[in-house]
Amino acid sequence: MKQLFDDTSFKCSKLVTQSYSTSFSLAVYMLAPSIREAIYSIYGFVRFADEIVDSFHDFDKQALLDDFEAEYYKAFANGISLNPILNSFQQTVREFNIGDELIQSFLKSMKMDLIKSDYNTKAEYDDYIYGSADVVGLMCLKVFVAGQQERYDKLKHEAMRLGSAFQKVNFLRDLKDDNLVLNRNYFPGVDLNSFDDNAKTMIIAEIEEDFRVAKEGIKKLPIEAKFGVYTAYVYYRKLLRKLENTPSHEIGNTRIRVSNYTKAGLLAQSFVSYKLKLV
């Protein structure tokens, strides 16, 4: 039965999410059951593309990414794919009216990772973040508002700022691997080999402003999405605090993490704030 295959496809996307990100999985679980599968499918799609450019060093990354893109469009045209990740994603795109410009912008940033190692201007930096993170937030927003364009337009700016904040925190957390393993520097005007407190303070201030704007949007989200998104917001704010309290030279030499014990406490904190209608 086709339905059994589709159900299995969404389970595969869920498995990808759980395998690659316990934090994101926790946040998705806090969403209403009616929208969890769609968010898993978005994560599965963007995670596979990201893995191609970040991890598959012994293979032809360009060919793999080109094939992945071509197979997605074939799946969308046919309404089915034997790749379960693409099968679940194309269904989500259709159901929630996710515009192709979002998908193309995301793939553009992934392609940039194959050929570009330094982002020397703010315009380049902003363009990359838009494609790699903002549009992922916008895809999720399409699901949160059930594809309704008017509600989407009202929350679009804040959703983009939240995506930007998450991505910039990831850049800061992954400074060591980006610099030493992937030979990338996303921060314009920052020398990662002499990363100092001034550079860290500047980046953190930028992220804080993104979070400030984004929080106003979280308050306006539909009830089905609010608690899950707020949970992710609280987790990333905690990660940012840890980065802020970590010496700049140490950020460049290790990967800062939030323990599972702390994550459990953050979940409880998020639940209390949510129930008290503080967000």
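I call a residue buried when its relative accessible area is under 20%, exposed when that area is over 50%, and partly exposed in between (1.4 Å probe, protein chains only). With that rule I looked up the whole protein: 53% of its 279 residues count as buried.

**Ground rules**

I am working on a predicted model, in which local features need pLDDT of at least 70, side-chain atom pairs count only at pLDDT 80 or more, and totals for chains, interfaces and linings use all residues. Residues are numbered from 1 along each chain as its sequence is written, and side-chain values use heavy atoms, with hydrogens and water left out.

**Overall build**

I looked up the secondary structure. I found 13 helices and zero strands. Helices (H or I, at least four residues) and strands (E, at least two) are DSSP runs, numbered from the N terminus. The C-alpha atoms fill a box of roughly 55 × 50 × 35 Å along the principal axes.

**Contacts and surface**

I count a contact when heavy atoms lie within 4.5 Å. I took the contacts between residues at least 6 apart in sequence. Of these, 69% join residues at least 24 apart.

The protein exposes about 13400 Å², and carbon and sulfur atoms supply 53% of that area. The areas come from the Shrake-Rupley method with a 1.4 Å probe; for residues, only the protein chains shown count as cover.

I also looked up charge. There are 36 positive and 38 negative side chains, and the centres of the two sets lie 8 Å apart. Lys and Arg count as positive, Asp and Glu as negative; His and the chain ends are not counted. Each charge is placed at NZ of Lys, CZ of Arg, CG of Asp or CD of Glu.

**Two loop residues with positive phi**

I looked up Asn97. Its phi is near 55°, a positive value in a residue other than glycine. Asn97 sits in the loop between helix 5 (84-95) and helix 6 (100-115). Asn97 is partly exposed, at 46% relative accessible area.

Then I looked up Ala146. Its phi is also near 55°, positive in a residue other than glycine. Ala146 belongs to the loop between helix 7 (122-144) and helix 8 (149-173). Its relative accessibility is 46%, so Ala146 counts as partly exposed.

**Lys116**

I found Lys116 in the loop between helix 6 and helix 7. At 18% relative accessibility, Lys116 is buried. A polar contact here is a pair of N or O atoms within 3.5 Å; within protein, one must be able to donate a hydrogen and the other to accept it, and residues adjacent in sequence count only if both atoms are side-chain atoms. A polar atom of the Lys116 side chain lies 3.1 Å from the backbone oxygen of Asp118. The side chains of Lys116 and Glu124 make a polar contact of 3.4 Å.

**Two places in helix 3**

Tyr43 lies in helix 3 (residues 33-55). Its relative accessibility is 9%, so Tyr43 counts as buried. Leaving out residues up to four places away in sequence, Tyr43 touches Val16, Thr17, Tyr20, Ser21 and Phe24.

Ser55 is also in helix 3. Ser55 is partly exposed, at 33%. Ser55 and Leu182 are 127 residues apart along the chain, yet their C-alpha atoms are separated by 9.2 Å.
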